[in-house]
Amino acid sequence: MTVLSQAKAVLATALAGLCLSGAAQAADAYPNKPIRLIVPFAAGGTTDIVARVVAEGLGRELGQAVVVENRGGGGGSIGADALVRSAPDGYTLGVATVSTMATNPATNPKNPYNPLKDFAPITNMVNVPNVLTVNPSVPAKNMAEFIALLKANPGKYSYASSGAGGIGHLDGELFKSLTKTDMVHVPYRGSGPALNDVIAGQVNAQFDNLPSSMPHIQAGKLRALAVAAPKRLPTLPDVPTFSEGGLPEMDNMAWYGLVAPAGTPQAVIDRIHDATVKALKDPKIIQRLADGGSLVDGNTPAEYAAQIKRELELRQRIAKERNIQSTN
């Protein structure tokens, strides 16, 4: 090695050391101001409920307020795109869902972001069963009766979703395809507004995540016909799974994770991950989430990245097979 080569090698090593030192110092100083958490759906839905419960615990662990900001619309794409455009410094995070990371990108050719390249996965916070509910005025007491009702009245009944291209939309279209029935799709800017109209009877049914629907099921304002889960839930022991009703393809649980913009320093990602996992081990948070039907996860960034990829591939396959396309 020449003297010049040796000098270059020494300089490169020194620069690398400075970069690592700078990154470590940045992680040590993080966070020194409040953190914004973008929820890509309207207030009142499951995404919002989970985000606020976890944000409270995460804020305690990080020593800074984690402020929830609802940015609904476009099946979650508006809020997700806002996160992508934020500075990758750890002070803007986002809640990632099956809708934002899989169904919307799978169904919308104009989706503004790449779910596999534009985000830095942190952890999947919770897994959540989905549920098919109807307004009590619908003359169907179980899923078999509901399917028979739809077949006898094609196009008469409607279902609400959190937005075109979202998980509720894709699940609704899959249900229609599997049962050979016809319902009118009514998209909203989040599951909260959709839920309100189903409760009011303006829309007949909804494929929703359990936490946002649970209080209304328990209060008798909604009738649960089936849950998407591996087995019946202790909180709804009388409600069968989709598999029990002959539709095993519908038994996919939703999930709600934490992501940052791509390029966020790994040391900061690790700091947020460790704080989130610690918050998710708090018995009070576990119970609050479980009361709504959410099951705590807390996997690693690498595991969550693989989970997002699997979900995207699944939803792409369903969208292609069912010829589902949205234009958010």
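This is a predicted model: local features need pLDDT of at least 70, side-chain atom pairs count only at pLDDT 80 or more; totals for chains, interfaces and linings use all residues.

User: Which residues of helix 8 are buried?

Analyst: Buried means under 20% relative accessible area. In helix 8 the residues that count as buried are Leu210, Pro211, Ser212, Ser213, Met214 and Ile217.

User: Which residues of helix 7 meet helix 8, and how does the contact divide into nonpolar, polar and charged?

Analyst: From helix 7, Ser191, Leu195 and Ile199 take part, and they meet Ser212, Ser213 and His216 of helix 8. Sorted by type, the residues of this contact are 2 nonpolar, 4 polar and no charged.

User: Why do the buried residues of helix 5 line one face?

Analyst: Helix 5 covers residues 143-152, and its buried residues are Met143, Phe146, Ile147, Leu149 and Leu150. An α-helix has 3.6 residues a turn, so residues three or four places apart point the same way. On the other side of helix 5, Ala144, Lys151 and Ala152 are exposed. The buried residues line one face because, seen down the axis of helix 5, they fall within an arc of 160°.

User: Which elements do the buried residues of helix 5 pack against?

Analyst: The partners include one helix, helix 6 (167-179). The strands they pack against are strand 5 (130-134), strand 8 (205-209) and strand 9 (223-228).

User: Is the peptide bond from tyrosine 30 to proline 31 cis or trans?

Analyst: Most peptide bonds are trans. Proline 31 sits in the loop between helix 1 (3-29) and strand 1 (35-39). The bond from tyrosine 30 to proline 31 has omega near -5°, and it is cis.

User: Is lysine 180 buried or exposed, and what is its phi near?

Analyst: Lysine 180 is in the loop between helix 6 and strand 7 (184-187). Exposed means over 50% relative accessible area. At 71% relative accessibility, lysine 180 is therefore exposed. Its phi is positive, although the residue is not glycine, and is near 55°.

Note on methods: Residues are numbered from 1 along each chain as its sequence is written. Side-chain values use heavy atoms; hydrogens and water are left out. Contact means heavy atoms within 4.5 Å. Helices (H or I, at least four residues) and strands (E, at least two) are DSSP runs, numbered from the N terminus. Ala, Val, Leu, Ile, Met, Phe, Trp, Tyr, Cys and Pro count as nonpolar, Asp, Glu, Lys and Arg as charged, and the others, Gly among them, as polar. Buried means under 20% relative accessible area, exposed over 50%, partly exposed in between (1.4 Å probe, protein chains only). The arc is that of the directions from the helix axis to the C-beta atoms.
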